[in-house]
Amino acid sequence: MYTTHEFGCFYSQPLVPLLSLFLIAAVNVCKMSGLRAPSNYTEEPPRHPSLIVNSQEPFNAEPPRSALIASYVTPVDLFYKRNHGPIPVLDDIERYRVSICGLVEKPLELSMADIRKLPKHIVTATLQCAGNRRTAMSKVKAVKGVGWDVSAIGNAIWGGPKLADVLELVGISKLTSVSPLGGKHVEFVSVDMCKEEKGGPYKGSIPLIQATNSEAEVLLAYEMNGEPLNRDHGYPLRVIVPGVIGARSVKWLSSINIIENECQGFFMQRDYKMFPPTVNWENIDWSTRRPQMDFPVQSVICSLEEENTVKPGKIVVHGYAASGGGRGIERVDVSFDGGKTWVEAIRYQKSGIPYVADDISSDKWAWVLFKAEADVSHTTEIVAKAVDISANVQPENVEVIWNLRGILNTSWHRVHIHVQHPDL
């Protein structure tokens, strides 16, 4: 049964003068919810042994690139892990509640039983960390952040109610840009405690108009690939915001706040913003840039490493391509001579169904896989670049998009081929 409350939300914008009292109340609610954030790393879940660990505490890891092209849907165990602190623990699913409050007339608490009673929606969507391919960007000039290779991305089938349906429970109609009490943004607050928030919870927000748009397919997800979320991916409940950088798909959901201005949390205001190459840590002004939302068009070759030694003959290239905002992939071009000439790759998603960008038969929020082949007789560079349905194309060089946080490296992906001729 739905219940209302007063202190179920952890606001990024104080609503009362007695802030310390409010924080204590919010923390107490978190403790009562059955979901808790450990203070150390002694309760971490098991992980797949093939993951490439980029940091142990907090745990950040990605699969080998070849694993990404083994299937259209990424197995849960091989989906990249992005964390900012110890993995939360659910002690009692019966006590777990998610709060919906803020600028709403009747704040609400929902149990998992309540959430499961709502219409379940399924969406296939690709999540990508904004720092994917950061390692390559750092070769131009040092950047700060987890040293991701090319696999901080994955494609999964998510299940749960649409956020637009959930918000109707607190009186916010579909396609609403401003709530009756003046809310314009929806803030998601996690139980996850992180050092960047000085021990406070991870949080982020999206515009209310996006949250209330059924076509945007924002979910409160409790399933991933047909199974309950595991702990690394937000058990028991997380947000999925398709087409947007992974940082906005908040895990281990504690509360949903309707607020007037966008979330003031660290990861909205002092991270995940795109700056030009001229900005450094001495002259940066975070307030001059908006929080990054959609991810740009991207493609990566996954069947080859950065350096490869092969025999002369046919080379088959496989990889992934994706673009944010629900924009399909119109074309993937592959060059087997360093960008002098190009061939168009075959694009595909689901087996037996031809991929047509922006067609109802295709998954608009999901990546496409691609394949191209050619005969190679000498040492060369193989290059991939994608074009989405809005004719956005990847930049040729990483230098022109270098930024101090190393995010959104969507430059042409290049791998080197060293042809080894047999002894005569």
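**Close-up views of a predicted model**

**View 1. Residue V186 is positioned opposite I206 of strand β10.** The structure shown is a predicted model. Strand β9, which covers residues 185-193, pairs with β10 in the antiparallel sense, and six bridges connect the two.

**View 2. An open sheet is built from five strands with mixed pairing.** The strand order is β6-β5-β15-β9-β10. At the edges are β6 (108-110) and β10 (201-207), each of which pairs on one side only. On average, and with direction ignored, neighbouring strands of this sheet are turned by 20° against each other.

**View 3. Residue A156 is located in strand β8.** Strand β8 comprises residues 153-160. A156 counts as buried because its relative accessibility is 0%, and the cut-off for this class is under 20%. Leaving aside residues up to four places away in sequence, A156 touches V73, F79, V123, T124, A125, M224 and N225. A separation of 9.8 Å is found between the C-alpha atoms of A156 and E223, two residues that lie 67 residues apart along the chain.

**View 4. The largest cavity holds about 290 Å³ of space.** Its lining consists of 22 residues, of which R82, R238, G246, S249 and K251 are the closest to the cavity centre. In total, the model contains three cavities of 30 Å³ or more.

Note on methods. Residues are numbered from 1 along each chain as its sequence is written. This is a predicted model: local features need pLDDT of at least 70, side-chain atom pairs count only at pLDDT 80 or more; totals for chains, interfaces and linings use all residues. Side-chain values use heavy atoms; hydrogens and water are left out. Two strands pair if DSSP finds at least two bridges between them. Helices (H or I, at least four residues) and strands (E, at least two) are DSSP runs, numbered from the N terminus. Axes are lines fitted to C-alpha atoms, for helices over the stretch in contact, and angles run from 0 to 180 degrees between N-to-C directions. Buried means under 20% relative accessible area, exposed over 50%, partly exposed in between (1.4 Å probe, protein chains only). Contact means heavy atoms within 4.5 Å. On a 1 Å grid over the protein atoms alone, a cavity is a set of points where a 1.4 Å probe fits but cannot get out, and a pocket is an open set with protein on both sides within 12 Å along at least five of seven lines; lining residues have an atom within 4 Å of a point. Grid points are joined across faces, edges and corners, and a volume is the space filled by probe spheres set on the points.
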